[in-house]
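Please examine the sequence and the structure shown below. The questions that follow ask about particular parts of it.

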Amino acid sequence: MDEHPDDAVDVIEEMSRNVKQDVFKGLRSTLRNVSQSSAAELLAEQQRLLFTPKDDSAQTTEMMGTVLPNLNEVAFYLEQAGVGLGREETQRVFLALKHLVESESLTHCRLWGKILGRESNYIIAEAETEYRDEEEELKQSAEEAPEEEKEAEAKEKFPVPRSTYKPPPLVPKEAIGTGANKYVYYVCSEPGLPWVKLPSVSPAQISAARQIKKFFTGRLNHQLLTYPPFPGNEANYLRAQIARISAGTQVSPHGFYQILEEEGDESDEPSQVSYEVNPEFEGTPVDEMAKSLSTWVHHVPHILRQGRCTWVNLAAKQQKDPNEDEEADEEDEEEHDEPEPEVGPPLLTPLSEDTGQKLFNIFRFQFCFELRLI
Amino acid sequence: MDSDSLYYSLDLVPGCGNILSAEQRAALQTSLAILKKNYKFQRVLFWGKIMGLTEDYLIAQGRGEDEMKDRKYLYSFNCMDWFLLPTITDSMIEQVAKAAKGCFTGDPSFVYEPKTHSYTAADNAADEDAETKVTEEKRLAVTVHHIDEEVSVVPRGAFIKTPHGLVQTNCSFGGLSDSEARKLHNFMHFSQPRKSQKKSILKMGEWSPAIDFLDVLTDDTPKGSWSLQFQCASKVCVLHSLLWLGLTFYHVPMTPQHGYIYIGDGLKSLDLPFML
């Protein structure tokens, strides 16, 4: 307007064409937007599989009654006590357990619980299976052997004076299906994600776990940095803690289980004490059960200081170097000749005999439905 | 968590394993409403539960006009009858620190005896003054105060400081976005800021004095004492404190829903640096 050019219309046309060019977006471009699915969407996809029913529904419903307990019922009772995962989560866990039973053909399975970790959590299922994988045990021992070979090679090249220190012999693991390894444990971080089987626990891991205190990160292959050093990674530590928790806290009403003694095959092995459900159990009234601790018993075998449920006499197994053994025997007769067998409280002992009870109550009673009683 | 939103917020924090039974929830909704009317609070929050050996203490918090300064705590055993906890003084904190050890017993009149090495009988008599007795009620009040001071969490932007110095809820808080909720520096402690605000101007450039007047969680020592996770099919952002085991903070991204609850035994995890 200040300049008064002659071809004002042309200038305006030019300007409007420039504006339109800027605003115009090409309808078709060769690049397409890749939609990035968020973590929530990915998880939802995996959890969708939980809700798809499988075929053979009639057979599965019959099987489920005996193999899996009704988790909704169990969750209801636990909720009265103030413990639980919330309704939706319990439902998802129940469906995931069903899938586990079907994929691994387990004979018994139940939800053991949930352990919180720093990055993600663990949902743990306790299971019994008929197929005891001996191949897996051989694989685990084979992995340890090549390490020893490498060490032997290094020693030949650079002769170093041999130390006379002999580490104490490793306490052998209990066989799968007995003692601390009675059940097999499966772990997943969210229901819907694949279940991972935890390795069986060794006594050395249990004794080390008793001495350390560490948070779980949520990754099974995480290496723990602890003192004393823990022989294994987070999966082993998790398994050891599960064994300790089960041995210390799983209780049942007195009389619900009865002892079924099996005779041991060899005279050296102590008889395996196991239990079964007592068909003549009538139950005790709630008042009595809530007042004294002797109405509740432990039904999981106590883990001895050695780290196993049945004691193993290590001195009897040292047969390779009889000369050295004799010398050692002469020095410390009490310790090596006759190591005292470790004895723990027998199975099905009432809680009132737990040591340490005098200091504080380890178990606590609480009446639920208090308002209803009034 | 707010008593108004209690019935759905309790469903968002069960991942930690501790929940309230349906009976307790129903009783709480009724009694908290009555409490709000009787004490004339602006808001009543269900603070959490401290578990003792024989009984559990359920704790509620009432807030007045200034959300940070006007706070009162009440405890109850059966969710219906509430008792006021004493206000905290520095001398009370000191006494409790000396005397209280072990788990909570569950009896509010239980007296903790400090282990003092006194050489004369006169000292013994002086120790038994009524004022210096450390009852469990005092220990409860001090513990609740410590937990709020050290690990109470709010998302950034949920509270604003008015020019008069009053701290109030921000009505236009729309929630953190998904990506913001994954970062720890968007969460702050809801207590008097202790760390002096001597940060570089670069960092302070994005701050607003009305919103950023609280300590950020990333400044906590030791690093790693917070565990940030997404639960409930990755919809809810949940923070667990590892210092006071049992404190859970939840926030649903893109909504103004947030809150924290403490359900635990009221013991600070002093082994934390070794456990990380």
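Q: How many bridges join strand β2 of chain A to strand β3 of chain A?
A: This is a predicted model, in which local features need pLDDT of at least 70, side-chain atom pairs count only at pLDDT 80 or more, and totals for chains, interfaces and linings use all residues. Residues are numbered from 1 along each chain as its sequence is written, chains are lettered from A and ligands numbered from 1 in the order in which they are written, and side-chain values use heavy atoms, with hydrogens and water left out. Strands are DSSP runs (E, at least two residues), numbered from the N terminus. Strand β2 (residues 122-128) and strand β3 (residues 184-188) of chain A run antiparallel, and the number of bridges joining them is five.

Q: Which residue in β3(A) is the bridge partner of A125(A)?
A: Two strands pair if DSSP finds at least two bridges between them. In β3(A), A125(A) has as its bridge partner Y186(A).

Q: Which are the edge strands of the open sheet in chain A?
A: The sheet has four strands in the order β1-β2-β3-β4 (chain A), with antiparallel pairing. Pairing on one side only marks the edge strands of chain A, β1 (108-115) and β4 (196-197).

Q: Is Y165(A) buried or exposed?
A: Y165(A) lies in the loop between α6 (134-157) and β3 of chain A. Buried means under 20% relative accessible area, exposed over 50%, and partly exposed in between (1.4 Å probe, protein chains only). Because its relative accessibility is 61%, Y165(A) counts as exposed.
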